[in-house]
Amino acid sequence: MASKSFERLRKAGDRQTLKLTHYGRKSGRPYDVTIWYLVDNQSDRLYLVSANANRNWVRNVKARPAISLRVGNEVFNGDVRAITDQQERDKVKDLTIRKYWYVAPMLRLGQFLMSIGGMRDNTAAFEVILAEE
């Protein structure tokens, strides 16, 4: 059974983006950024993804995993966990292609270039562990 927070997330609807509040790795100051997100209703999991692991929000959540999210009018608190397992990363990649189908050709090109050594993987993926209500 899904947590109350996850049920609220489902009711907020499947939007394209959410607002992430993350905290500076050195300053601790809050920063907001609008990013893509994925909901896996099969396993009641919420994921954040980035094509660029050097973005400030990615570096900040690695150092300070406590975050806040706004989806529509709903606010959620939680912590992030970096996804390093390749099988889990592949699952998140599949969810990304399913939801953001219009970027699938670029993602597949990137996968091909990485497979032949023409490019290194600089993506980041995180699971969000929502705080219990």
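User: Which residue in E2 is the bridge partner of Leu18?
Analyst: Ile35 is the bridge partner of Leu18. Bear in mind that this is a predicted model.

User: In what sense do E1 and E2 pair, and over how many bridges?
Analyst: The pairing is antiparallel, with seven bridges between E1 and E2.

User: How many residues lie between E1 and E2 in the hairpin?
Analyst: Six residues. Gly28 is in that turn, and its phi is positive, about 80 degrees.

User: What about E1 and E4: how many bridges there?
Analyst: Three bridges, again in the antiparallel sense. Thr21 has Ser68 of E4 as its bridge partner.

User: Switching to packing. How many residues are in the largest nonpolar core?
Analyst: The count is 23. Leu20, Leu48, Trp57 and Leu69 have the most contacts inside this core.

User: Which elements give two or more residues to this core?
Analyst: Two helices are on the list, H1 (4–12) and H2 (56–63). The strands are E1 (17–23), E2 (30–40), E3 (45–50), E4 (66–71), E5 (74–82) and E6 (124–130).

User: Which one gives the largest share?
Analyst: E6, with four residues.

User: Back to Leu69. What is Leu69 in contact with, leaving aside neighbours within four places in sequence?
Analyst: Leu18, Lys19 and Leu20 are on the list, as are Leu46, Glu74, Val75 and Phe76. Val128 and Leu130 complete the set.

User: And the second core, how many residues there?
Analyst: Nine, in a separate core. Leu38, Tyr47, Val49 and Tyr100 are among them.

Terms used:
Residues are numbered from 1 along each chain as its sequence is written. This is a predicted model: local features need pLDDT of at least 70, side-chain atom pairs count only at pLDDT 80 or more; totals for chains, interfaces and linings use all residues. Side-chain values use heavy atoms; hydrogens and water are left out. A nonpolar core is a set of buried Ala, Val, Leu, Ile, Met, Phe, Trp, Tyr and Cys residues joined through side-chain atoms within 4.5 Å. Buried means under 20% relative accessible area, exposed over 50%, partly exposed in between (1.4 Å probe, protein chains only). Contact means heavy atoms within 4.5 Å. Two strands pair if DSSP finds at least two bridges between them.
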